[in-house]
Amino acid sequence: MSLIERITRPGPKRLLAIDGGGIRGVLALEILQRMEDILRSDGRDQGFRLAHYFDYIAGTSTGGIIAAGLSMGMSVKEILDFYEACGAQMFVRANILERLRYKFESEPLALKLKQVFGKDTGFGSDRLQTLLLLVMRNATTDSPWPLSNNPYGKYNDRARPDDNSKIPLWQLVRASTAAPTFFPPEVIILPGGKKGKDQQFVFVDGGVTMYNNPTFQMFLMATVDRYWAAKPAARWQTGADKMLIVSVGTGTSADVRAGLDPGDMNLLFNATTIPSALMFAASNEQDLLCRVFGDCRAGDSIDREIGNLIGNVGPLEKGEKLFSYIRYNAELTRSGLDALGAPHIQPEIVQKMDAIDGISDLREVGRKAAHRVKKEHFAGF
């Protein structure tokens, strides 16, 4: 079945989104492994992959690596093996002099991505079995770039000289993962843009946009007619029985500072804490929007005031819901790890996005969090 046949066929649509979070992507992969096992056990054979179930998969940063792999039909185990084998090369912070000397073509992560996705696999390749959304930040235009391979998208028209579907998939994934201070930015040259001239754009990690959690943006790109420019009528229909959205996090770790002295909040303090604070707030906002406008079937409490919003009455007329929604994640604080039954795991290890030495601990936390994945959450889909 072609991608166009798949996305235009009648029936409910199923969407999956994975947060950014560096090496903590292995936590999300353990949750996805449990999900794959549960769905496979529902009368499917051993060749079953999440790409066979989900029609749209989105990811930011490390979530982009996972999303692209899943969309290409890789099993969760294959992606986990990739992280285990290449994690040390993928998430090692380079010093300033090394970053200045990097050649984009030979940088270790880029080489690995070329091997996995194929050097010549374009964003519009038929190797992608689902709609795929990757989020990056265009530093040249100072704007977030959520790119989808939707064949009906305005900038996926093969007749356009600036057709995004021709961009190598590995390069877009690399752009989405170009975390400042970890990796150099990714330079992509798009031919035939304004006035027919080639345009050079510099991209960095999508995690520094409002879409480190890309879930609600994925919903918008699936349902808003402007994102289906060539065929607006093909956009997906909303309704709690027509659309299931599953969102998987890479662990949250709000940095509580009891007894903080205002005098300590100097320029260095703000420079090192504000980016992570904004990422945490943006991720929560995406989750909150999904719970308010969706029928939340599962998810941890957002805060003590509103709880988990399961069974909430939203702002739409007659309490109507636009989709069914599931959120899986894990809290990486001391209290959160204790609640998961992991008192021996140190928060300061698993909270780091480059915690290479903490991969085994992160996988254990992910397996414990994965016990929250239940077959009944997918009922009706």
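Is Lys 242 buried, partly exposed or exposed? In this predicted model, Lys 242 is partly exposed, because its relative accessible area is 39%, a value that lies between the limits of 20% for buried and 50% for exposed. Asp 241 has a relative accessible area of 53% and is therefore exposed. The side chains of Lys 242 and Asp 241 meet in a salt bridge, with 3.8 Å from N to O.

The chain as a whole provides the setting for this pair. It contains 13 helices and nine strands, and 52% of its 381 residues count as buried. Of the contacts between residues at least 6 apart in sequence, 71% join residues at least 24 apart. The accessible surface amounts to about 17,200 Å², and carbon and sulfur atoms account for 54% of that surface.

Strand E1, residues 13-18, may be considered next. Six of its six residues are buried, so E1 is largely enclosed by the rest of the structure. Lys 13, Leu 15 and Ala 17 point one way from the strand, while Arg 14, Leu 16 and Ile 18 point the other way. E1 runs parallel to strand E7 (residues 243-248), to which six bridges join it, and Lys 13 stands opposite Met 243 of E7. E1 also pairs in the parallel sense with strand E2 (residues 56-60) over four bridges; here Leu 15 stands opposite Tyr 56.

A search of the whole structure finds 19 of them. One of these joins the side chains of Arg 6 and Asp 55 at 3.1 Å, N to O. Arg 6 belongs to helix H1 (residues 3-8), whereas Asp 55 lies in the loop between helix H3 and E2, 49 residues apart from Arg 6. Arg 6 counts as buried because its relative accessibility is 7%, and Asp 55 counts as buried at 1%.

Another salt bridge is formed by the side chains of Asp 19 and Arg 327, at 2.9 Å from N to O. Asp 19 is in the loop between E1 and helix H2, and Arg 327 is in strand E9 (residues 323-328), with 308 residues separating the pair. Both residues are buried. Asp 19 and Arg 327 also take part in a network of salt bridges with Asp 287 and Arg 291.

Helix H13 comprises the twelve residues 359-370. At 1.5 Å a residue it should span 16 Å, and its end C-alpha atoms are 16 Å apart, which agrees. Its buried residues include Ile 359, Leu 362, Val 365 and Ala 369, together with Arg 363 and Glu 364.

Technical notes. Residues are numbered from 1 along each chain as its sequence is written. This is a predicted model: local features need pLDDT of at least 70, side-chain atom pairs count only at pLDDT 80 or more; totals for chains, interfaces and linings use all residues. Side-chain values use heavy atoms; hydrogens and water are left out. Helices (H or I, at least four residues) and strands (E, at least two) are DSSP runs, numbered from the N terminus. Buried means under 20% relative accessible area, exposed over 50%, partly exposed in between (1.4 Å probe, protein chains only). Contact means heavy atoms within 4.5 Å. Accessible areas come from the Shrake-Rupley method with a 1.4 Å probe; for residues, only the protein chains shown count as cover. Two strands pair if DSSP finds at least two bridges between them. The expected span of a helix is 1.5 Å times one less than its number of residues. A salt bridge is a side-chain nitrogen of Lys or Arg within 4 Å of a carboxyl oxygen of Asp or Glu.
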